[in-house]
Amino acid sequence: MNSQMGSLLPSEKLEQSNFSSWEYKMNQYFVEQGYWSYINGALKNKPNITNAKYPTWEQGASGVMYCLKTCVHTHMLSHI
């Protein structure tokens, strides 16, 4: 995970009325951070835990979840 991640995250938190602008900002962020392949489905298959690529995949997936959990209002966390 990028050590500057928290400072680079969009400050706008998702709520019911701002999905379009939030989505645009998050898409840009995921592309810039190299996480877009997790979002667009290119990395949809998690490698087996014995696969050498597993730690890298897991770190990226955790980064995506961190971003999502950080950029939504608390009441929306149960929807992720």
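Buried residues have under 20% relative accessible area, exposed ones over 50%, and partly exposed ones fall in between (1.4 Å probe, protein chains only). Keep that scale in mind on this tour: Lys46, for example, counts as partly exposed because its relative accessibility is 48%.

Before you start clicking, note that this is a predicted model, in which local features need pLDDT of at least 70 and side-chain atom pairs count only at pLDDT 80 or more, while totals for chains, interfaces and linings use all residues. Residues are numbered from 1 along each chain as its sequence is written, and side-chain values use heavy atoms, with hydrogens and water left out.

**Stop 1: the whole chain**

Show the protein chain as a cartoon. Along the sequence the pattern reads α-α-α-α. The C-alpha atoms fill a box of roughly 40 × 25 × 20 Å along the principal axes. Of the 80 residues, 31% count as buried. Now think about contacts, meaning heavy atoms within 4.5 Å: among those in the chain with a separation of 6 or more, 57% are between residues 24 or more positions apart.

**Stop 2: helices H2 and H4**

Select residues 19–33 for H2 and 54–70 for H4. These helices pack at an angle of about 155°, with their axes 12 Å apart; axes are lines fitted to C-alpha atoms, for helices over the stretch in contact, and angles run from 0 to 180 degrees between N-to-C directions. H2 is therefore roughly antiparallel to H4, a label for angles over 145 degrees, with under 35 counting as roughly parallel, 65 to 115 as roughly perpendicular and the rest as oblique. Show side chains next: Trp22, Met26, Tyr29 and Phe30 in H2 meet Val64, Cys67 and Leu68 in H4.

**Stop 3: the nonpolar core**

Which residues have the most contacts inside the largest nonpolar core? They are Trp22, Met26, Phe30 and Cys67, in a core of 16 residues. Helices H2 and H4 are the elements that give two or more residues to this core, and H4 supplies the largest share, five residues. A nonpolar core here is a set of buried Ala, Val, Leu, Ile, Met, Phe, Trp, Tyr and Cys residues joined through side-chain atoms within 4.5 Å. In soluble globular proteins, nonpolar side chains tend to be buried together.

Centre the view on Met26. Leaving aside neighbours within four places in sequence, Met26 is in contact with Pro10, Cys67, Leu68 and Cys71.

**Stop 4: two salt bridges**

The structure holds two salt bridges (a side-chain nitrogen of Lys or Arg within 4 Å of a carboxyl oxygen of Asp or Glu). Select Glu12 and Lys25, whose closest N and O atoms are 2.9 Å apart. Glu12 lies in the loop between helix H1 (5–8) and H2, and Lys25 in helix H2, so this pair ties together parts 13 residues apart in sequence. Lys25 is partly exposed, at 37% relative accessibility.

Then pick Glu58 and Lys46, where the closest N and O atoms are 3.8 Å apart. This pair links distant parts of the chain, twelve residues apart: Glu58 is in helix H4, and Lys46 in the loop between helix H3 (36–39) and H4. Glu58 is partly exposed, with a relative accessible area of 27%.

**Stop 5: Gln33**

Finish in helix H2 with Gln33. Is Gln33 buried or exposed? Gln33 is buried, with a relative accessible area of 18%.

Methods: Helix = DSSP H or I, 4+ residues; strand = E, 2+ residues; numbered from the N terminus.
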